[in-house]
Amino acid sequence: MSTATDPTVPVRAHSRAELSRGTHDLLVIGGGILGTAVAWTAAQTGLRVAMVDAGDFAGATSSASSKLVHGGLRYLQTGNLKLVAENHRERRTLARDVAPHLVRPLSFLVPVYKDGPHGSAKLGAGVFLYSALSAFGDGMGKVIGPEHALELVPALRQEGLRRAAVYGDHQMNDSRVAVTTVRAAVEAGAVVLNHAEVVGLRKDAGGRVTGAELRDRLDGAEFGVNARVVLNATGPWVDHLRRMEDPTAEPSIRLSKGVHLVLRQQQPWRAALTIPIDKYRVSFAIPWEEHLLLGTTDEAYEGDPGKVSPTEADIAQILDEAGSAVDPAQLRREDITYAFAGLRVLPGGAGATSEAKRETVVTEGRGGMLSVAGGKWTTYRHIGRTVLDKLAKAGVVALEEDMATPLRRVALPGSANPEAVAHRLLGEATAEDGVDPVVARHLASHYGNLAYDLAALVRTDRELGERIHPDGPDIWAQVAYARDHEWAMTVDDVLRRRTTVTIRGLDTPEVRSRVESLLAAGPN
Ligand SMILES: Cc1cc2nc3c(=O)[nH]c(=O)nc-3n(C[C@H](O)[C@H](O)[C@H](O)COP(=O)(O)OP(=O)(O)OC[C@H]3O[C@@H](n4cnc5c(N)ncnc54)[C@H](O)[C@@H]3O)c2cc1C
């Protein structure tokens with residue numbers, strides 16, 4: 001297997017030097033999807049932008065979501081129709097114009113059981129309104145009978161099933177969308193570095209934040225970044241950074257833990273399930289990456305954000321709640337391939353976390369640092385624009401004068417119809433270097449037309465075309481590509497977030513050790 005590299009991603013020492021050179025217009029601390037969205041938009045305006053993350057890009061909340069690009073059916077209950085309509089618009093823009101290769105349509109059923117919390121008339125009206133708010137762009141929300149529901153979801157629990165309400169949304173692989181957005185930010189001119197932790201803030205004599213002190217978590221190197229404006233986009237750590245700015249800063253947020261399970265799926269489903277648990281809460285059972293994604297929980301969390309993880313009780317709760325709508329024979333513990341936990345950032349306040357608004361929390365600190373956290377994955381571009389707007393007008397530094405208007409709809413790298421890409425990958429294959437249809441579809445729907453670069457790698461080294469594990473569609477070329485073009489530095493960066501190996505439960509010791517060797521052979 002080849003170890004030669006052709007890096008378009010600069011080696012870390014070069015990135016560190018570039019980060020330390022001169023003064024950036026904007027330093028974004030935190031490379032989750034919110035920080036990345038701001039960095040991407042800001043770079044498009046011509047600003048000199050730096051973005052750093054203590055771990056991997058999207059290594060925290062942004063790879064622990066329910067993977068939904070959605071209008072938010074639950075917001076109908078709070079009467080926030082404007083928000084649902086805005087979310088729908090953004091959802092459809094992402095799927096049609098920005099990331100058609102990564103964001104896929106999916107139908108959702110809300111089953112109505114004899115003793116369930118909602119009746120079919122109410123749910124029918126709800127899904128109709130929901131679809132109307134997206135101008136029926138995904139068809140009309142409606143109610144169907146049990147037989148039709150079973151055709152769509154063969155594992156649906158039949159006992160007591162009355163009807164099911166149907167609506168349309170989209171889904172994605174969140175970590176792949178995030179990494180592709182980091183790439184878009186870099187293509188727009190941003191300098192980025194993962195595994196680089198902000199350990200302190202630089203301030204001028206007047207106490208204004210003018211940059212950050214960093215420590216490279218991989219080799220311990222220390223360096224600094226100067227910036228006219230600093231954005232704190234550290235998600236669950238947002239108050240930790242605010243206290244670096246002002247040790248007396250009051251908490252601005254509270255956290256709620258959400259756990260998901262991934263299970264091997266016994267038969268394919270043509271739709272997902274939204275399972276009402278009580279008046280406010282729903283749980284999801286979603287076909288995702290040829291597996292079943294179940295969750296999520298919603299429980300106040302006060303521990304160290306870096307230590308959040310699924311517990312036995314979380315797993316039991318998720319299986320139990322899924323069991324109210326899924327045949328328990330399809331929910332066997334031995335079929336769990338992966339479990340993960342993330343933290344919702346909610347505005348501070350009292351009351352149940354499940355009833356709290358999913359708002360973006362924006363605060364400006366004493367030292368002029370803007371902090372942003374919370375909100376939805378779905379509206380990340382919108383949040384990016386809004387936060388940049390606030391930064392531009394924040395006052396102390398007149399960024400606005402140096403900014404051109406960003407284009408409204410820039411497609412993510414690789415943007416293409418994934419079916420066209422898969423078709424061409426298969427069409428090009430000769431008997432000698434034949435591409436397996438499963439692999440071709442997988443590459444097309446996770447890389448778009450960048451899959452041609454992976455195919456080119458395979459042509460130079462046939463071994464790179466082999467599957468990482470015989471039971472999954474990921475191939476070794478993805479590892480080399482992740483290392484050379486997608487900032488993957490650790491085995492988990494590759495197996496958990498650039499490929500789907502870990503979530504499928506296929507990251508065996510042999511696989512991990514071979515990935516480690518490939519990473520060590522790289523230029524970083
Ligand atoms: C369980 C769950 C399910 C969800 N499902 C959905 C969904 O289906 N659809 C949807 O639209 N939204 C969903 N969301 C919301 C969405 O996932 C979040 O709004 C989004 O991911 C938040 O991104 P972020 O960038 O603010 O935070 P994060 O992704 O957590 O990023 C913060 C980053 O800051 C970095 N950081 C922290 N401290 C430092 C430091 N000192 N120096 C440098 N970097 C640092 C961290 O390493 C981290 O990568 C869900 C959220 C949860 C919790």
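Trainee: Which backbone comes into polar range of an oxygen atom of the ligand?

Mentor: A polar contact is a pair of N or O atoms within 3.5 Å. In this predicted model, a polar backbone atom of I33 lies 3.1 Å from a ligand oxygen. Side chains take part as well: an N or O atom of T61 is 2.4 Å from an oxygen atom of the ligand, and one of T378 is 2.7 Å from a ligand oxygen.

Trainee: How much of the ligand does the protein bury?

Mentor: Taken alone, the ligand exposes 1000 Å², of which the protein buries 95% (Shrake-Rupley method, 1.4 Å probe).

Trainee: Which residues around the ligand come nearest?

Mentor: A residue is near if one of its heavy atoms lies within 4 Å. There are 38 residues around the ligand, and D53, T61, S62, G375 and T378 come nearest. The shell divides into 15 nonpolar, 17 polar and six charged residues.

Trainee: Where in helix α4 are the buried residues?

Mentor: An α-helix has 3.6 residues a turn, so residues three or four places apart point the same way. Helix α4 covers residues 120-132. Its buried residues (under 20% relative accessible area, 1.4 Å probe, protein chains only) are L123, G124, G126, V127, Y130 and S131. Seen down the axis of α4, these fall within an arc of 160 degrees, so they line one face of the helix.

Trainee: What should be kept in mind about numbering and confidence?

Mentor: Residues are numbered from 1 along each chain as its sequence is written, and side-chain values use heavy atoms, with hydrogens and water left out. In this predicted model, local features need pLDDT of at least 70 and side-chain atom pairs count only at pLDDT 80 or more, while totals for chains, interfaces and linings use all residues.

Note on methods
Polar contact = N/O pair within 3.5 Å; in protein donor to acceptor, adjacent residues only side chain to side chain. Nonpolar A, V, L, I, M, F, W, Y, C, P; charged D, E, K, R; others polar. Helix = DSSP H or I, 4+ residues; strand = E, 2+ residues; numbered from the N terminus. Expected span 1.5 Å × (residues − 1). Buried < 20%, exposed > 50% of the residue type's maximum accessible area, 1.4 Å probe, protein only. Arc of directions from axis to C-beta.
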